[in-house]
Amino acid sequence: MPEKKQRIFDGLTETRINRRTALGGAAVTGLGMFGGGLLRGDALASPSLKPSLRASLQDLPDGAAAADQQTMRVVGNASIAKAVDFYVRVYERAEGGVSDLFSEPLVRLDKNFQIQPAAAESWEGSDDGTTWTFQIREGLMWSDGNPVTANDWVASFRNGADPEFAWDFTWFFQGVLANWNEAIAGEVGLEEIGVRVGSDDYELVFETVAPAPYLPAMLLYSLPLSAAALEASGPYYNTDPATAVSSGPFILTEWIPDQQVTVSRNEAYTGTLPVYLNQVETTLTSPDNFFTLYQNDEIDMMVSPPPAALEIMLSDEATAGEVYQGVGDFPTFYIFFDVNSEPFDNKLVRQAWSHAIDRETLASQILGPNGVPAYS
């Protein structure tokens, strides 16, 4: 394996990942680096370096690349790279670290997975738990010179609820936001959903179907689109550098379909995250090529190495330390039964199936660092 240069990036958590320190914060806003499920709980390979939340490009550790070389090279599946914004496409966003970098969510998680203010300075719920009011941080700016206001979230949620747009993540707010179900079914106007501007441009109000103490946590998934860019260029404005607009730490500077997506530091950024990188470059290709690119030092990290690649990495002492298992968004994979049909209408049969599955062997022999046994 060729010798690697070290680079430093900000981290959502202060964990070490080996071979490249691939993290949140500067390279990730809210959902971040690992694409469609916040941070996936998969193994990833990446050069050993402890991130510092207070480091700067002028305070790089010994052995780090120079400040003007702070570029991260990643990889993504070319077949699903249709967008880079969460409120445009969730399951067809470009992977690798070039999505969800163009605005900030209302809240984010700290290293202990506690909700912290992000674009919202504060929030409070009504006594009955069905109205939540968020105060947007003043001073956040879009790169086109417009301020970030509550209307950007209103426009984003209305776009998401529009049945003609057919957003692929509408299920997340079904049964939660007032009139959301009705709007996505085309039964009421988009202006009827429970997301509106409050008493001024920086007050954002959510109304829910029932008491929802969990709503602030759900709004980790709240990276807004620019209302102005949405109106002027449509929801896919961030797939073309000519129309790209960002209030996040990066802005789109290149999109070559099926080949590469590049984002560069947003010099107009006024948000709350330190920005350590100058660029993130994602090579778009087939997942079959990911590990070869990693072995050839053409990318700095990859997510979810297949079992054969993991076996290669873990069998070599020199590369075993480059595999890191994160918690991501804590996914659990499970088998469920049709309890209305034989034989699974019998609880004892279901329990027998559960006992028959050798979770430990599956984890050790097949999943490796890609998963741990789950018991219920």
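Visitor: Which residues touch the most other members of the largest nonpolar core?
Guide: Leu-106, Phe-157, Phe-173, Leu-204 and Phe-206, out of 48 residues in that core. A nonpolar core here is a set of buried Ala, Val, Leu, Ile, Met, Phe, Trp, Tyr and Cys residues joined through side-chain atoms within 4.5 Å, with buried meaning under 20% relative accessible area (1.4 Å probe, protein chains only). This is a predicted model, where local features need pLDDT of at least 70, side-chain atom pairs count only at pLDDT 80 or more, and totals for chains, interfaces and linings use all residues. Residues are numbered from 1 along each chain as its sequence is written, and side-chain values use heavy atoms, leaving out hydrogens and water.

Visitor: Which element gives the largest share of this core?
Guide: H1, with 6 residues. Helices are DSSP runs of H or I, at least four residues, and strands are runs of E, at least two, numbered from the N terminus.

Visitor: What is Phe-157 in contact with?
Guide: Beyond its neighbours within four places in sequence, the contacts (heavy atoms within 4.5 Å) include Tyr-87, Trp-180 and Leu-219.

Visitor: Sheets now. What is the strand order in the open sheet of 4 strands?
Guide: S2-S11-S10-S9, with mixed pairing; two strands pair if DSSP finds at least two bridges between them.

Visitor: Why is one side of S2 and of S9 left without a neighbour in the sheet?
Guide: Because both stand at the edges, each has a single partner strand. S2 runs parallel to S11, joined by 7 bridges, and S9 pairs with S10 in the antiparallel sense over 6 bridges.

Visitor: Which residue takes a positive phi in the hairpin of S9 and S10?
Guide: Asp-258, near 65°; the hairpin has 3 residues between the strands.

Conventions: Buried means under 20% relative accessible area, exposed over 50%, partly exposed in between (1.4 Å probe, protein chains only).
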